[in-house]
Amino acid sequence: MNIVIFGPPGAGKGTQSNLIVKNFKLHQLSTGELLRKEIREKTKLGNQISSIINSGNLVSDIIVGDLIEKYVSDKSFKNRLIFDGYPRNLNQAKNLNSILKNNDQKIDIVLKLSVSLQTIKKRISERKILEKRLDDNETVAIKRYEMYEKNIKPVIDFYKHSNLLKVVNGEATVSEISNEISGLIEGI
Ligand code: AP5
Ligand code: MG
């Protein structure tokens with residue numbers, strides 16, 4: 001089974017992906033985490049993208065597409081992936097479908113976590129104290145939210161048309177959301 005989970009910054013994609021990994025023995029593929037790792041390790045790619053990420057903009061579709069292709073084509077992850085934060089625009093959604101198809105796979109369910117901007121600001125300001133992510137200040141968080149809003153509508157329509165989309169209330173508690181998601185996955 002392959003799962004897509006998306007939602008605005010601070011929606012709980014990472015939190016819920018971790019729980020899905022535990023409950024269903026899948027592998028989390030967070031494009032944000034992979035990109036931050038490149039920055040931490042000061043790779044060529046990391047140096048190229050750090051200012052883009054830290055200003056809240058999206059990295060190019062080609063860069064993130066190449067990253068996810070590596071995982072999709074790895075047989076040890078076959079039909080065991082959770083895409084956390086990919087796709088973020090229509091081009092990426094189409095690209096994901098074609099990469100999966102080329103590797104004889106498909107998406108089984110798409111989870112959209114909905115949260116308000118007010119909740120996002122609160123969660124990100126709290127996380128900032130613990131994790132020290134450079135993109136976790138209020139200005140950049142708002143920018144990330146705007147980027148999400150600007151690009152996501154066609155992605156939502158794309159998955160609605162394929163009958164894969166499930167909308168989950170991301171304002172509930174972590175365990176309430178996790179229970180709802182587990183029920184949805186078990187229902188596939
Ligand atoms: P990414 O790392 O994906 O950041 P994001 O989308 O802004 O989302 P976050 O990781 O901030 O939030 P989350 O939804 O994972 O929430 P979390 O579980 O941590 O991307 C970063 C950047 O990388 C992008 O801006 C872009 O530049 C680039 N990038 C990534 N993917 C890309 C792509 N596909 N294309 C182009 N560029 C890309 O929760 C947040 C906090 O809230 C935590 O502290 C958590 O403990 C808490 N929390 C979670 N759930 C709850 C709850 N239910 N109740 C109370 N608190 C909760
Ligand atoms: Mg995350």
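Colleague: Let's say a residue is near a molecule if one of its heavy atoms lies within 4 Å of it. How many residues surround ligand 1?

Modeller: There are 31 around ligand 1, and the closest are Thr15, Asn57, Arg88, Arg127 and Arg144. Bear in mind that this is a predicted model, where local features need pLDDT of at least 70, side-chain atom pairs count only at pLDDT 80 or more, and totals for chains, interfaces and linings use all residues. Residues are numbered from 1 along each chain, chains are lettered from A and ligands numbered from 1 in the order written, and side-chain values use heavy atoms, without hydrogens or water.

Colleague: Which side chain has an N or O atom 2.7 Å from an oxygen of ligand 1?

Modeller: That is arginine 144, a polar contact (a pair of N or O atoms within 3.5 Å).

Colleague: And what about the backbone?

Modeller: Glycine 10 has a polar backbone atom 2.8 Å from a ligand 1 oxygen. At valine 59, a polar backbone atom is 3.1 Å from a nitrogen of ligand 1.

Colleague: Switching topic, which helices supply at least two shell residues each?

Modeller: H1 (13–24), H2 (31–40), H6 (117–131) and H8 (174–186) do. Helices here are DSSP runs of H or I with at least four residues, numbered from the N terminus.

Colleague: Which one gives the largest share?

Modeller: H2, with four residues of the shell around ligand 1.

Methods. A polar contact is a pair of N or O atoms within 3.5 Å; within protein, one must be able to donate a hydrogen and the other to accept it, and residues adjacent in sequence count only if both atoms are side-chain atoms.
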